[in-house]
Amino acid sequence: MIKISNQKKTKKVILKYLEANSNNFIPPLSGRVNLDLFSKKINKYARQSWVFDRDEIVGFMACYVNDPENETAYITTISILEKYKGQGLGMMLLKDCIDFAKNNGFKKVKLEVSKINTAAISFYEKQGFYIVDCSFLSFFMAKNI
Ligand SMILES: CC(C)(COP(=O)(O)OP(=O)(O)OC[C@H]1O[C@@H](n2cnc3c(N)ncnc32)[C@H](O)[C@@H]1OP(=O)(O)O)[C@@H](O)C(=O)NCCC(=O)NCCS
């Protein structure tokens, strides 16, 4: 049985998940961020959404919904384990975050995605995100909510 939990997990649990799933990202997450510091920051500031299949963690999303002045939430990471991809779970996570942000008065959600991560770009476009800016390596995408 699949379910989503927003119960906050410790930095240690977040780090363990991200280390195990670093290669799921294009390019690998560990090459772009310091996973230890990243996990600490997520634990401190982000809303966490975990996907479970019974007792097993099969997906994770972290979103900063802490900038009410700009009414903008920021998705900092989202991933679904390989075996569980393509079943609508990523979409479920996004909806969970967007609904939460919307219910708290936020008007926009933003994110950064690597230009070579075409699967993730298609995924976000399918959910109504559009490219608003770019850097050498990344696209910045947004969705009004
Ligand atoms: C991006 C990711 C979270 C999507 O999760 P998912 O559960 O597989 O996605 P869903 O099943 O909810 O897909 C929803 C829609 O997104 C699009 N999509 C998802 N994966 C896609 C892919 N590989 N290629 C093209 N479109 C894709 C499809 O339109 C899909 O709808 P459809 O199944 O009706 O065609 C997942 O592929 C992942 O974990 N990627 C590795 C980590 C990563 O790169 N995260 C993003 C970092 S910014």
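## Ground rules

The model is predicted: local features need pLDDT of at least 70 and side-chain atom pairs count only at pLDDT 80 or more, while totals for chains, interfaces and linings use all residues. Residue numbers start from 1 along each chain as its sequence is written.

## The overall fold

Let's start with the whole chain. The protein chain has four helices and seven strands (DSSP runs, H or I of at least four residues for helices and E of at least two for strands, numbered from the N terminus). Their order from the N terminus is β-α-α-β-β-β-α-β-α-β-β.

The C-alpha trace spans about 35 × 35 × 30 Å along its principal axes. Buried residues, those with 20 or more other C-beta atoms (placed from the backbone) within 10 Å of their own, make up 26% of the 145 residues in the protein chain.

## Around the ligand

Next, the ligand. There are 20 residues around the ligand, and Lys85, Gly90, Met91, Ala119 and Ser122 come nearest; a residue counts as near if its C-beta atom, placed from the backbone, lies within 6 Å. Helix α4 gives the most to this shell, with five residues. At least two residues each come from β4 (72-80), α3 (89-103) and α4 (118-126).

## A look at Arg47

Arg47 belongs to strand β2 (residues 47-53). Arg47 is partly exposed because 19 other C-beta atoms lie within 10 Å, a class that falls between buried and exposed (12 or fewer).

The C-alpha atoms of Arg47 and Val65 are 6.9 Å apart, although 18 residues separate the two along the chain.
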